[in-house]
Amino acid sequence: MKMFIFMLPICKKAFGFQRHLYRAMSSYSSFVHNKAYINGEWISSQDGKMFKVTNPANGDVIGEVPDIGPEDTQKAIDAAHKAFYTWKKTTARERSKILKKWFQLMEDNKSALAELLTLEQGKTLLDAAAEVTYGASFFEWFAEEAKRVYGDIAPPTATDRRILLLKEPIGVAGLITPWNFPIAMITRKLGALLAVGCTTVIKPAEDTPLSALALCQLAEEAGVPAGVVNVVTSSREKTPTVGKLLCESPKIATISFTGSTGVGKKLLLNSASTVKRLSLELGGNAAFIVFNSADIDKAVSGAMACKFRCSGQTCVCANRFLVQSGIHDEFVRSFAKAIETNLKVGDGLKPGITMGPLINSAAVDKVDSLVQDALSKGARKVFGGEKLPIGENFFQPTLLSDVTTDMRCANEEIFGPLAPVIKFETEDEAVALANSTSYGLAGYFYSTDISQIWRVAEKLETGIVGVNESLLSAAECPFGGVKESGIGREGGKFGVDEFLEIKYVCMGGL
């Protein structure tokens, strides 16, 4: 079976870029900053403390950044709050021009940004280039949406009245972003809020702060005014207090978070005191269903892309593979062959590598514990299942069959390169299994039965459904989940709604 390099859909633009990427690298070092970015200035932390940023592939230190605490974060909040009152008065066309310029700067510096991203996150260089392109696309998309934020006029209740409905920017947004897509998860939020006139304080993941700071460098070049975008870099130890301040500050109007459901619940609690609006893109437990009628080659290709992109560390990765009994054995054999043939694990900067390391040793230990739990309860190891000796953060791509619902890998978000396969008999059984979780972010299924396609697409309790397709992310599409997978939507024409308020104006006495 012919296999492809699996990345985001937009990554096709990156394939022509491949030869250039793996030649002499461009100067990523020009984007490495050892300062936080507050009110248009590069600053150290008040106490002078720093923390190291390391390459998960080999442990090398690639930079140090300030360990920002609550005091400096408050300065960032104050700067964003002050800047809001001028930024919101700029015209939509002005904001659009800045976003378009920022988009082009990201495209022009793709090679350097991709290398920096691979160094601090670990994903392959091609996957990193795809993320840069994907991330930039949100600036391009929301540059256009900035000019399409329309209010409304409603029929009045009396002849001497007029009813106006105005859409206004909500204020300062606190962004808390993850390490698995450290560029795209910022730009997806940032493009929308800037487009409508909001300002922001960004707290990037402590594992991947350099990419966020690199975006600030390009923001200056694009003409983003001082105070509109602020980035505070905090260590794992200081992150809880900084996050709590963002949630409790009356100057922060909304929190937009991507990360685990557990942390999302804490942010909800911390934001209650100020009755703050939140947009939460949380965990997932995506089912990948393969029905008897499926094209097995396409299903396996989809499974490879959906499971092993970013070493399985995405919230929309297939977490459970539900395969109907009639094609179960053939699918497992083909899936195992595809893994063996197409996956080469190693340092993401090296040519030919298709899967990089996990983010840290704790992530490796979690995947290993899930494998051992499944094997102890009767699962069968089809491929992989071991830590790799090439570095402490590497784990083999792993395929397990004979998995049952009492195993941890069938119930917990894996966030690693483990594919557990559960056999089922009927459509109703598959849908019930897919929905038997508190999560509801993404779901996938493969079928050529058009009636079945409509039935299952409507029955899956998820915010995103992939039908005979496993790579779904695009700037044009709304991204978000139901149940404990989150609140709100990012991207698409709905993405700006998270940062807008509707003001009702009643004009009387006319």
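Predicted model: local features only at pLDDT ≥ 70, side-chain atom pairs only at ≥ 80, totals over all residues.
Local features were taken at pLDDT of at least 70 and side-chain atom pairs only at pLDDT 80 or more, while totals for chains, interfaces and linings use all residues. Residues are numbered from 1 along each chain as its sequence is written, and side-chain values use heavy atoms, with hydrogens and water left out.

Let's start on the inside. The largest nonpolar core has 65 residues. Here, a nonpolar core is a set of buried Ala, Val, Leu, Ile, Met, Phe, Trp, Tyr and Cys residues joined through side-chain atoms within 4.5 Å; buried means under 20% relative accessible area, exposed over 50%, and partly exposed in between (1.4 Å probe, protein chains only). Contact means heavy atoms within 4.5 Å, and, leaving aside neighbours within four places in sequence, Met106 is in contact with residues including Val132, Phe139, Ile183 and Leu218. A second, separate core has 38 residues, including Phe331 and Tyr444.

Next comes strand β7 (residues 172-176), where five of five residues are buried. Val172, Gly174 and Ile176 point one way from β7, and Ala173 and Leu175 point the other way. Strand β7 runs parallel to β8 (residues 199-203), joined by five bridges, and also pairs in the parallel sense with β10 (residues 252-258), again over five bridges. Two strands count as paired if DSSP finds at least two bridges between them. Val172 stands opposite Thr199 in β8 and opposite Ile252 in β10.

Elsewhere, seven strands form an open sheet with mixed pairing, in the order β14-β15-β16-β13-β12-β17-β18. Its edge strands, β14 (380-383) and β18 (464-467), each pair on one side only. Within the sheet, β13 (residues 318-324) and β16 (residues 418-424) run parallel and are joined by four bridges, with Gln324 opposite Phe424.

What does Phe335 touch, not counting residues up to four places away in sequence? Sitting in helix α12 (residues 328-342), Phe335 touches Val300, Ala303, Met304, Phe308, Phe321, Leu399 and Ala419. Phe335 and Ala419 are 84 residues apart in sequence but 9.7 Å apart in space, C-alpha to C-alpha. Phe335 counts as buried because its relative accessible area is 0%.

Finally, the charged pairs: the structure holds 26 salt bridges. Each is a side-chain nitrogen of Lys or Arg within 4 Å of a carboxyl oxygen of Asp or Glu. Asp47 and Lys238 make one at 3.0 Å, N to O. Asp47 is in the loop between β2 and β3 and Lys238 in the loop between β9 and α9, so this pair ties together parts that are 191 residues apart in sequence. Asp47 is partly exposed at 45%, whereas Lys238 is buried at 18%. Arg188 pairs with Glu490, their closest N and O atoms being 2.8 Å apart. This pair links helix α7 to the loop between β19 and β20, 302 residues apart. Both partners are buried, Arg188 at 2% and Glu490 at 5%. Salt bridges that share partners also join Lys100, Glu144, Lys147 and Arg148 into one network.

Key
Helix = DSSP H or I, 4+ residues; strand = E, 2+ residues; numbered from the N terminus.
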